[in-house]
Amino acid sequence: EMEQEERARAERKVKKAAQLLFFRRHRTPGVKGWELKKALGEDYVEIIEILNSILLKLGMEVRRISEGEKSDNERFVVVLKGLLTDKASGIRIDDVAILSATLAYIISKQGKASRKSVEDFLTEKFPRRRVLRALERYIMQGYLREDENLLYIGWRTRVEVDSKTLMDLILAS
C-alpha cells in the first residue's frame with residue numbers, strides 16, 4: 001500500500017511537470033529550475049528524468065540549459081528530438097532563411113559578429129526592414145543575443161538548433 005501511494009504521488013508530480021513545461025506562462029518558453037523545485041519539491045530533477053523517458057517515446061525531450069553561473073538560472077525546455085517539417089513550424093520560410101543565414105554567418109565568424117555586418121550580409125538578399133524586424137524578434141525570442149552591437153548565438157538556438165546539421169545542410173547546397 002505504501003508503494004502504491006508513492007507511485008501515485010510520483011505520477012501526480014510527473015503530470016504537473018508536463019503541464020508546467022508544455023504550457024507557456026511567460027514570453028520565454030520553458031520553466032526555470034527554481035520554479036520546478038517550488039512546484040515539485042527537492043526531487044524535481046528525478047521527476048524531469050521520468051518525464052523525459054516518457055517524452056522520448058513521443059519524439060521529444062526535455063533539455064536543460066544554463067543561463068548563467070548559478071544552478072538557479074537553469075531552464076528546462078521541451079524540444080523535438082528529430083527534425084520538424086516546415087509546415088509544422090508555423091514560421092514563414094523567408095524568416096527561417098533569415099535566421100539560418102544569420103546563424104551560419106555568426107558561426108562562421110567564431111560565434112560573434114557585429115550587428116552591422118550581419119545586417120549588411122542579410123540585406124543583400126532580403127529587404128532591409130524585414131531584416132531589422134527579424135533580428136529584433138530573434139533577439140527577443142532568445143535565438144540571438146546582442147551585447148555592445150555584437151550578435152552572438154542565443155540560448156534558444158543552443159537548445160533548438162543543431163548547428164552542425166545546419167552548417168552541413170548549407171555547405172551541401
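Arg115, Glu119, Arg128, Glu136 and Glu146 are joined in a network of salt bridges, a salt bridge being a side-chain nitrogen of Lys or Arg within 4 Å of a carboxyl oxygen of Asp or Glu. By this rule, 15 salt bridges are counted. The structure is a predicted model, in which local features need pLDDT of at least 70 and side-chain atom pairs count only at pLDDT 80 or more, whereas totals for chains, interfaces and linings use all residues. Residues are numbered from 1 along each chain as its sequence is written, and side-chain values use heavy atoms, with hydrogens and water left out.

The protein chain contains nine helices and six strands; helices (H or I, at least four residues) and strands (E, at least two) are DSSP runs, numbered from the N terminus. The average pLDDT, the predictor's confidence in each residue on a scale from 0 to 100, is 84 for the protein chain, and 89% of the residues score at least 70. Confidence is lowest in helix 4 (residues 86-89), with a mean of 50, and highest in helix 6, at 95. Where pLDDT is low, predicted coordinates should not be read in detail.

Of the 173 residues of the protein chain, 36% count as buried (buried, under 20% relative accessible area; exposed, over 50%; partly exposed, in between; 1.4 Å probe, protein chains only). Among contacts (heavy atoms within 4.5 Å) between residues at least 6 apart in sequence, 54% join residues at least 24 apart.

Another of the salt bridges pairs Arg130 with Asp95, the closest N and O atoms being 3.4 Å apart. This pair links distant parts of the chain, with Arg130 in helix 7 and Asp95 in helix 5, 35 residues apart. Both partners are buried, Arg130 at 18% relative accessibility and Asp95 at 9%. Not counting residues up to four places away in sequence, Arg130 touches Arg92, Asp94, Asp95 and Ile98.

Glu11 pairs with Lys15 at 3.9 Å between the closest N and O atoms; because the two are four residues apart in helix 1 (residues 2-22), about one helical turn separates them. Glu61 pairs with Arg63 at 3.0 Å between the closest N and O atoms. Glu61 is buried, with a relative accessible area of 12%, whereas Arg63 is partly exposed at 27%.

The largest nonpolar core comprises 19 residues, of which Ile106, Val118, Leu122, Leu135 and Tyr138 touch the most other members; a nonpolar core is a set of buried Ala, Val, Leu, Ile, Met, Phe, Trp, Tyr and Cys residues joined through side-chain atoms within 4.5 Å. Helix 5 (93-108), helix 6 (115-123), helix 7 and strand 6 (150-153) each supply at least two residues of this core, and the largest share, six residues, comes from helix 5. Apart from this core lies another, of 17 residues, among them Ala18, Leu40, Leu51 and Val62.

Glu74 lies in strand 3 (residues 74-80) and counts as buried, at 14% relative accessibility. The side chain of Glu74 makes a polar contact of 3.1 Å with that of Arg64; a polar contact is a pair of N or O atoms within 3.5 Å, where, within protein, one must be able to donate a hydrogen and the other to accept it, and residues adjacent in sequence count only if both atoms are side-chain atoms. Glu74 and Gly33 are 41 residues apart in sequence, with 5.3 Å between their C-alpha atoms.
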